[in-house]
Amino acid sequence: MSLVIRNLQRVIPIRRAPLRSKIEIVRRILGVQKFDLGIICVDNKNIQHINRIYRDRNVPTDVLSFPFHEVTATHGLCHLLGFTHSTEAEWQQMFQKEKAVLDELGRRTGTRLQPLTRGLFGGS
């Protein structure tokens with residue numbers, strides 16, 4: 001299946017082609033070639049922010065992994081239902097809907113996911 005690599009940091013040079021080859025070898029060794037995989041390289045500030053949002057830990061970490069597709073699908077479906085986040089009032093409505101859906105998904109599956117736009121206007 002697909003492998004997406006994004007480098008959103010500039011501290012450590014990353015050559016994507018060699019990294020992709022090595023990750024594909026690891027996927028074959030682990031037997032997980034049938035799963036989509038996304039790798040996003042970020043700096044300490046950004047990973048600390050993500051760690052605080054998703055794990056309530058306000059420190060940088062080396063790796064975070066989670067089933068992000070549930071979050072993006074929920075966000076996209078909310079847009080298809082007419083929700084937007086252009087203004088704070090619109091964002092508040094969409095955020096509450098996303099949060100309710102992801103909370104219920106979490107209750108049913110044991111995951112802990114937050115809306116993509118958490119903190120967009122400084123709230124929640």
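Helix α4 is followed by Gly110, whose phi is positive, near 80°. This residue makes a handy starting point for a tour of the structure, which is a predicted model. Within α4, the buried residues are Trp91, Met94, Phe95, Glu98, Leu102 and Gly106. They cover an arc of only 105° around the axis, and therefore sit on the same side of α4. Ala89, Gln93, Arg107 and Arg108, by contrast, are exposed on the other side of the helix.

Although Thr84 and Met94 are 10 residues apart in sequence, their C-alpha atoms are 6.3 Å apart in space. Thr84 itself counts as partly exposed because its relative accessible area is 31%, between the limits of 20% for buried and 50% for exposed.

Taken along the principal axes, the C-alpha atoms fill a box of roughly 45 × 30 × 25 Å. Of the 124 residues in the chain, 20% are buried.

The other helices can be looked at in a similar way. Helix α1 takes in residues 16-30. Its 15 residues should span 21 Å at 1.5 Å a residue, and this agrees with the 21 Å between the end C-alpha atoms. Just after α1 comes Gly31, which takes a positive phi of about 70°. Helix α2 has 12 residues and reaches 15 Å from its first C-alpha to its last, close to the 16 Å expected at 1.5 Å a residue. Ile47, Asn51, Ile53 and Tyr54 are buried in α2. They cover an arc of only 165° around the axis, so they lie on the same side of α2. After this helix comes Asp56, with a positive phi near 55°.

Helix α2 also has a part in the largest pocket, where its seven residues form the largest share of the lining. The volume of this pocket is about 1,300 Å³. There are 37 lining residues, and the closest to the centre of the pocket are Gly38, Ile39, Ile40, Leu64 and Phe66. At least two residues of the lining are supplied by each of β1 (3-7), β2 (37-41), α2 (44-55) and α3 (68-80). By residue type, the lining divides into 21 nonpolar, 11 polar and five charged residues. Domain 1 (1-65) and domain 2 (67-123) each contribute at least three residues to the lining of this pocket.

Note on methods: Residues numbered from 1 in each chain as written. Predicted model: local features only at pLDDT ≥ 70, side-chain atom pairs only at ≥ 80, totals over all residues. Heavy atoms only, no water. 1 Å grid on protein atoms, 1.4 Å probe; cavity = no way out; pocket = protein on both sides within 12 Å on 5 of 7 lines; lining within 4 Å. Points joined across faces, edges and corners; volume = space filled by probe spheres on them. Helix = DSSP H or I, 4+ residues; strand = E, 2+ residues; numbered from the N terminus. Nonpolar A, V, L, I, M, F, W, Y, C, P; charged D, E, K, R; others polar. Domains from an automatic or database assignment. Buried < 20%, exposed > 50% of the residue type's maximum accessible area, 1.4 Å probe, protein only. Arc of directions from axis to C-beta. Expected span 1.5 Å × (residues − 1).
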